[in-house]
Amino acid sequence: MQRHTDTAARRGRDTARPAHSRGVVGAALRLFAEHGFEATTMDDIAVAAGVSRSTLFRRFGSKDDVLFADQDELVEEIGALLTESGEEPVAAVCAAARMVLRGYTTDPDVALARYQLVRAHTGLRDREIAMSARYQALFTQHLSRGHTDARTLLAAEVLAAAVIAAHNHVLRGWLRTPGETGAAVAQRLEEALSFVTEELAGSLRAAASGRSRPSGPEGAVLVAVYPAGASGGEVLAKVRAALEAGGPQQLQ
């Protein structure tokens, strides 16, 4: 998969969370670590963060909202990114996945503390699952934009789910071994996204263009002929082209 420049980076979008949110979240995490999630109250958080109770409740409705504040804000940023993006849909969704990962790796203390809390509290796991569902809905909507046929909608939903799965696979690996650098994590995401898009993006594009894979007669054999000196990439490209064409191909 060709690596694309993130639309957010090109437009100078600041992916950092607002300072007031970071302060409240930081204070809450310290209290959760010292006293436990259940024992900490919103009043405790307000005092520790130096804000009034009314201000805290106006900004955050519950402790869950405080804990996931940065992620709620990031979902909104991702929605705006995709709405404004002029990139090819698959590239735009991959750029969004990179942006989500950076939202974790640029503030590892918050990410790791939340990960530990989520593992310990079932209700928080439900909130995290709901967050993934929001991302998947945004990705599916963007990938299927302008199309209403069932085949394209299915392909878009499958690809969106795969991008989310690839992102979460890389993220969980980093959270379990947090010493890994942000650059190394980003590279692993690139590899995961390459795998996903190479396997599934073609199906989405074919569905969106109205093409379908020819079924051919049962037991049909596909033959690809190529010289011995052909590179692995050339062979794979020719095999893929032969599969799409449904007939024998010869590598030139």
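1. In this predicted model, helix α3, which spans residues 42–49, has Met42, Ile45 and Ala46 as its buried residues. Around the helix axis these residues cover an arc of only 100°, which means that they sit on the same side of α3.

2. As for the chain as a whole, it holds 12 helices and 2 strands. Read from the N terminus on, the order of elements is α-α-α-α-α-α-α-α-α-α-α-β-α-β. The chain has 252 residues, and buried residues make up 40% of them.

3. Aromatic contacts can be described briefly. A pair of aromatic rings is described by the distance of the centres and the angle of the planes. A search of the whole structure gives 2 aromatic pairs. One of them joins phenylalanine 32 and phenylalanine 37, with 4.8 Å from centre to centre and 55° between the planes, and this pair is tilted. Phenylalanine 32 has a relative accessibility of 4% and therefore counts as buried. Phenylalanine 37 is at 7%, so this residue counts as buried too.

4. The other pair is made by tyrosine 135 and phenylalanine 139. The centres of these rings are 6.5 Å apart and the planes stand at 45°, so the pair is tilted. Why are tyrosine 135 and phenylalanine 139 separated by about one helical turn? Because they are 4 residues apart in helix α9, which covers residues 122–143. Both tyrosine 135 and phenylalanine 139 are buried.

5. Phenylalanine 37 has a further neighbour to note. Lysine 63 lies over the face of the phenylalanine 37 ring, at 4.6 Å from the ring centre. The ring of phenylalanine 37 thus takes part in the tilted pair with phenylalanine 32 and has lysine 63 over its face.

6. The next point concerns empty space. Rolling a probe the size of a water molecule over the atoms shows where empty space is left. The second largest pocket contains about 380 Å³ of space. Its lining consists of 20 residues, and those that lie nearest the pocket centre are Tyr104, Glu128, Ser132, Asn168 and Leu171. Two or more lining residues come from each of α7 (89–105), α8 (108–120), α9 and α10 (150–176). By type, the lining of the second largest pocket divides into 12 nonpolar, 3 polar and 5 charged residues.

7. Where does aspartate 107 lie? Aspartate 107 is in the loop between α7 and α8. In sequence, aspartate 107 and arginine 22 are 85 residues apart, while in space their C-alpha atoms are 9.9 Å apart.

8. Is leucine 112 buried or exposed? Leucine 112, which lies in helix α8, has a relative accessibility of 18%. Buried means under 20%, so leucine 112 counts as buried. Leucine 112 and tryptophan 174 are 62 residues apart in sequence, and the distance between them in space is 9.5 Å, C-alpha to C-alpha.

Conventions
Residues are numbered from 1 along each chain as its sequence is written. This is a predicted model: local features need pLDDT of at least 70, side-chain atom pairs count only at pLDDT 80 or more; totals for chains, interfaces and linings use all residues. Side-chain values use heavy atoms; hydrogens and water are left out. Rings of Phe, Tyr and Trp (its six-membered ring) pair if their centres lie within 6.5 Å; planes under 30 degrees apart count as stacked, over 60 as edge-to-face and the rest as tilted. Buried means under 20% relative accessible area, exposed over 50%, partly exposed in between (1.4 Å probe, protein chains only). A charge sits over a ring if NZ of Lys or CZ of Arg is within 6 Å of the ring centre and within 35 degrees of the ring normal. The arc is that of the directions from the helix axis to the C-beta atoms. On a 1 Å grid over the protein atoms alone, a cavity is a set of points where a 1.4 Å probe fits but cannot get out, and a pocket is an open set with protein on both sides within 12 Å along at least five of seven lines; lining residues have an atom within 4 Å of a point. Grid points are joined across faces, edges and corners, and a volume is the space filled by probe spheres set on the points. Ala, Val, Leu, Ile, Met, Phe, Trp, Tyr, Cys and Pro count as nonpolar, Asp, Glu, Lys and Arg as charged, and the others, Gly among them, as polar.
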